[in-house]
Amino acid sequence: MLHIYCPYCGETREEEEFHPKGQAHIARPADPEACSDEEWGDYLFFRDNPRGIHHELWVHAVGCRKFFNVTRNTVTYEILETYKMGERPTITAEHPEGRPADATAQQTSLRDGVRA
Amino acid sequence: MSNTAAEKVRTFDTRTQAKIPVESPLAYSYRRSGAPAPTAKSRVVLRERPFLGHLVLRGGAIVLDEAVREVLGIPLPGEPQGLVHDADGQRSIQWISPDEWLVIVPGGEEFALENRLRAVLGDAHFAISNVSGGQTLVELTGEAARELLMKSVIYDVHPSHFPVGKGVTTVFAKATVILRRPTETRWELVVRRSFADYTYRWLLDAGEEYGIGVER
Amino acid sequence: MSQFNRLTQGGRIDRSRKLSFTFNGKAYEGHTGDTLASALLANGVDIVNRSFKYSRPRGIVAAGAEEPNAVVQLGTTEAAQVPNVRATQQALYDGLEACSTNGWPNVQRDLMSLVGKLGGQFMPPGFYYKTFMAPASLWMTYEKVIRKGAGLGRSPMEHDPDSYDHLNQHCDLLVIGAGPAGLAAALTAARAGARVILCDEQEELGGSLLDTRELLDDRPAAQWAEQVIAQLTECDNVTLLARTTANGYHDHHFVTLHERRTEHLGETAPTVDGHRPSRSRMHRVRAGQVLLATGAHERPLVYAGNDVPGNLVAGAVATYIRRYGVVPGNKLVLSTSNDYAYRAALDWLEAGREVVAIVDARRNPDGELVEQARARGIRIIEGAAVLEAKGDKRVSGARVATIDAEAFRVTGQAETLACDTIASSGGYSPVIHLASHTGARPTWNDEILGFVPGLVKGVHAAGSARGVHDLAEGMADGMAKACEALTALGRSADTIELPRADAIREGKACALYHVPHEKPTLRGPKQFVDLQNDVTAAAIELATREGFESIEHVKRYTAMGFGTDQGKLGNINGMAIAARCLGKTIPEVGTTVFRPNYTPVTFGAIVGRHCLELFDPERYTALHQWHVEHGAEFEDVGQWKRPWYFPKARAGAVNGERESMAEAVARECRAVREAVGILDASTLGKIDIQGPDAREFLGRVYTNKWAKLVPGRVRYGLMCKDDGMVFDDGTTSCLGENHFLMTTTTGGAATVLEWLEIWHQTEWPELEVYFNSVTDHWATMTITGPEARKLLAEITDMDLDRESFKFMDWREGVVAGVPARVFRISFTGELAFEINVQANYALHVWETLFAHGDKYGLTPYGTETMHVLRAEKGFIIAGQDTDGSVTPEDLGMQWAIGYDKPFSWIGKRALSRPDTARSDRKQLVGLRPKDPQVVLEEGAQIVFDPHHAIPMPMVGHVTSSYYSPTLDSGFALAVVKGGQQKMGESVYLSMADGQVHEAEIVSPIFVDPKGERQNV
């Protein structure tokens, strides 16, 4: 059973308080009507299933009811970081030890995270 | 109709001053499962505090803090899991989420409080929902109260982790609860009405080995 | 001659307290402090079971959790039956009754053993699969016979009188195992002020300190243990748990411990001060760091006849002598690969019994214990091993011979030594099970000839659990690892003063697992690797010859390690044998992994109090008691208990006989269509939505338009996911310009609230709107039927005129003296008023309605009637008539789709995907069975042509089906391919009873198609 740090509550809490909501950073296309059927199908149905570092959307359902992101290793189940909506992960498959400082300054988008 | 078209939010006092019979969320449970009276051997005592005023307050902390100070005379707990009471312990505000607080006041005060807060908050972006009929407050006291909670909630209730002035929303058995610690010796459970009977039966069962008593 | 193996002194038993017990119906005596196993050995009980496959007699071989044979059934009554209890872990109590789990008619004379003897040669691994393969259809018959002969204990057939519970624990450091390393670690952490839990599966804390030969500070080691335990007991920050097995190591240091609270006192929990404690308790521990001080299991050697009663592992012999004052025999032969096991022979000698010989596989062993044994005149046979145990129901001799250094061949002439006990030791395997649960792979350590645990971050192993077997080093290791854990927790850690232990110089052990025999393994007498599952060395060799190379495959083919003991004794030997057969090293072959639980756990302890009436929350409305008192039958809707129907006593019934469901529902339906009915609708989800962007938000999440809904009006809304499929529906009322009240289905309340939040929080945080659940705040009572207005008018001052309070309006007022919001919405197609009051007033308002309702025929109705009435009107139920594959267009609800709304609302884009836009999608239609008495089955598949060759194309299914008293006919809602264009055509449905029914596709609106009745 996972032990998850809620970035809004500032505490590590039991998994029973959370619901997983699938892959993180799936932004809804800004103009759905301009999407081709294939693009819309990609948004709706296609998700990554990596072995290793994965970014997931979770909600602190029995708690503050806030959604946030989790960087989790799908092999070891280790949670490497959690971060609020609109923030970017510092640990990624490309940078498993954490991104260089300048890269984190990239513009962040709030349009993150819903799955169909 | 009674609504004015210009009204942006429609408030409604769901409580009446008329002498109407009321039933607390635990009324059915007392009849169904009984309420063992506390004895000298009771190591834990349960007591419902029914019919209080419960308001859910939503909005930004800074805006709400000013209004709450002005209207209730106590600060809004800005830190997660914060719980503050007024001087006589009758009114409390609890942090629920970065934009949500639970206000509990003596029954009958809630509608006036809502209107005063709305007046002070004016055009700010906020929301207030009256949930007084939807939840009740259950107190636990006694030396075995903490162990009883360990049997019931997954949250760590050790005093080093759960000091006075803290409150959390967490899992209670297979339901959920808002758990608060207003004083050294008292724990409070804010329970949703529809789950109240389950919660009560669970507490009676788990408290059996401590000789649990129910104060009415 | 009772307890003839009991010593007159020594051990941790209380000889002044006698306990009576029975085993297989025979009475025995033991003492407080005994385990069932030690008491059986004290009484000279050799055979405790028959083996699983060959029905060979088996005796006790170990003294702890690793025991494979002494697996017994407990209980004097049916309700108290407990299967598969290890006698080595069951404390003796007065009146204990135990019996063997295998053996028929009894363990002394077992008929199945004939099968074992005859069939033994012919029962290789895969025997059952190979023998009973054809015809496959008969396997079920074979299996019944085979299961009768094999198998372990049985489950009780009556309710357990005991209760079990859970306790949620949190700590900085969890120390598992209270032996030398664990005690040192716990004391170190306790002194540092950390929150510590120390648990141990044995009856007492102390582990090997309770029976070791070594002294600490020149005193028996147990005294130091007692002193430390006393200190730990004084600490507020320490929780000590004896009789507590750490059984599962789950993610992120969540460990489940099972505490046997009363199992040492009797078969059911005793009453203490009028209360009965739980029999056992699961501690659900979330630890910051975990220290595994779980010790090691001694490996027995694999030799012929090593399963005959009287063969024990060496350490168990020492434990029985020193801890329980029991010598399990008279004449001992010890076969060993190491110095450590010499202790068993020394203890045996000191107990006053004969040590025939120590057979040491090493040439020139020279450790201190070897010297001691020599000095005592014990015969030591070097470079040799016990090849074969002689005897049938008890060891009668040991055939001993020299073997080559690689243990491939017997090199000398065998000599038979008369003896009744053979103790063997092939070395020590660290108990790596819990570390394995974390997914970390153990690694082979050639120094200690064993696997040491792989450790994920935050897990530490100390002492024998990682191969540090020396007492002084083990304690120091426990302390050092505790300091590491404390540092990882960000705490300062100080070392503690440890007692002085004299170092014992040990010679190097040799690697010996499988002792050779004069005959090849496949043709020689049986050499057992896994005693519980009757897996032999030959079976493993055969498996490798048949092409099983992976150890996981060998395990599954031979069933090695599949018993209730999970192969704690045999697995490493089996892997060593497989490695040798495959020409590989042990690390190359690797080990199988262990999974929770470490030892069998009774279901009760897993379930805790989440059973019977506390199995799952039952949610009640404020009117629940009224429903109960009025005879309602209830239906589960999510966790809610909703009245299903209200059966009345049959007119003239003398025995309280009540209406059938069909009769009650027909009566309730007629009442609504002809007079007035009342429904408790409090369970519908209610979400209070406030904010300047509330209206915009609704427009994005609903398919229909919200821009022009004015305060005082209500609208039905349909919600889709972004794939265009309907997932919930309900009405939403405009309370104020920036204020709405949304209702959801009963089951969808939490899901819909989370749905609104996810879009708000992750996609549109710029919209100023808040959502709060007010479901429980309101009680909702729907009165519906032609008489509804008249009834309501009696108890309210509200203006109920049809022009000023129209259909789909809501108004505030006072009902029965209580402030109420009343909504004119209808789910029945009749005139309806939905009265909402604060839940605390609900009963008063409900009863007031009944006080006035008699003259109008006010009838309470439940969910079944609600379903019939709504289906007659073609109103869907999301989740019943939809299943996540149905679009609003499939439902024929184009009227609820705002195609030209400016924002591309959720689900809109998907409606034009080619698959979603197909004209032959399954579409909602009504079905009228040709035979009006037929009620089609919900879920029944639909075909267009019943004479089509099989496989017939399925073109849809029934989603809702009822008998309508209004139509006096069965009717159904269904989804049918292209159904909306097939009105009047026939379809065919086959029922479970084999009948095929014809039905006509019709409009889904069966009653009042123009919707006039709700508008009156």
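This is a predicted model: local features need pLDDT of at least 70, side-chain atom pairs count only at pLDDT 80 or more; totals for chains, interfaces and linings use all residues.
Arg261(C) forms a salt bridge with Glu209(B), and the closest N and O atoms of this pair are 3.7 Å apart.

**Where chain C meets chain B**

- The contact draws 68 residues from chain C and 69 residues from chain B.
- Together the two chains bury about 5700 Å², with 52% of that area on carbon and sulfur atoms.
- Three residues deserve a look here: Tyr620(C), Tyr770(C) and Asn840(C) supply 13% of the area that chain C buries against chain B, more than any other three residues.
- Strand β8 of chain C (residues 164-176) provides the largest share of the side of chain C that touches chain B, namely six residues.
- Sorted by class, that side of chain C holds 24 nonpolar, 24 polar and 20 charged residues.

**Chain C as a whole**

- Chain C has 1016 residues, and 62% of them count as buried.
- Its secondary structure comprises 24 helices and 49 strands.
- Taken along the principal axes, the C-alpha atoms of chain C fill a box of roughly 115 × 70 × 65 Å.
- Among contacts in chain C between residues at least 6 apart in sequence, 66% join residues at least 24 apart.

- An unreviewed UniProt entry annotates residues 172-447 of chain C as "domain: FAD/NAD(P)-binding". In the model this span is 21% helix and 35% strand, and its end C-alpha atoms lie 33 Å apart.
- The annotation "domain: SoxA A3", from an unreviewed UniProt entry, covers residues 525-606 of chain C. Here the span is 45% helix and 6% strand, with 42 Å between the end C-alpha atoms.
- Residues 623-901 of chain C carry the annotation "domain: GCVT N-terminal" in an unreviewed UniProt entry. Over these residues the chain is 25% helix and 28% strand, and the end C-alpha atoms are 42 Å apart.

- Helix α12 of chain C (residues 537-545) is mostly covered, with eight of its nine residues buried.
- The buried residues of α12(C) are Ala537(C), Ala538(C), Ala539(C), Ile540(C), Glu541(C), Leu542(C), Ala543(C) and Thr544(C).
- What do these buried residues of α12(C) pack against? Their partners are β29 (528-530), β30 (535-536), α13 and α14 (571-582) of chain C.
- After α12(C) comes Gly547(C), which has a positive phi, near 105°.
- Ser550(C) caps the N-terminal end of α13(C), placing a side-chain oxygen 3.1 Å from the backbone nitrogen of Glu552(C).
- Within helix α13 of chain C (residues 551-558), the buried residues are Ile551(C), Val554(C), Lys555(C), Tyr557(C) and Thr558(C).
- Just after α13(C), Ala559(C) has a positive phi of about 70°.

**Where chain B meets chain A**

- For this contact, chain B contributes 18 residues and chain A contributes 12 residues.
- The area buried between chain B and chain A is about 1100 Å², and carbon and sulfur atoms give 51% of it.
- Three salt bridges cross the interface of chain B and chain A. One of them joins the side chains of Asp99(B) and Lys66(A), with N to O at 3.1 Å.
- Eight residue pairs are in polar contact between chain B and chain A, both residues being at pLDDT 80 or more.
- On the side of chain B that touches chain A, β4 (92-97) and β8 (166-172) of chain B each supply at least two residues. The strand that gives the most to this side is β8(B), with five residues.
- By class, the side of chain B that touches chain A has eight nonpolar, six polar and four charged residues.

Key: Residues are numbered from 1 along each chain as its sequence is written. Chains are lettered from A and ligands numbered from 1 in the order in which they are written. Side-chain values use heavy atoms; hydrogens and water are left out. Contact means heavy atoms within 4.5 Å. Buried area is the accessible area (1.4 Å probe) that two parts lose on being put together, summed over both. A salt bridge is a side-chain nitrogen of Lys or Arg within 4 Å of a carboxyl oxygen of Asp or Glu. A polar contact is a pair of N or O atoms within 3.5 Å; within protein, one must be able to donate a hydrogen and the other to accept it, and residues adjacent in sequence count only if both atoms are side-chain atoms. Helices (H or I, at least four residues) and strands (E, at least two) are DSSP runs, numbered from the N terminus. Ala, Val, Leu, Ile, Met, Phe, Trp, Tyr, Cys and Pro count as nonpolar, Asp, Glu, Lys and Arg as charged, and the others, Gly among them, as polar. UniProt positions are given in the numbering used here, feature names are shortened, and annotations may be inferred rather than shown by experiment. Buried means under 20% relative accessible area, exposed over 50%, partly exposed in between (1.4 Å probe, protein chains only).
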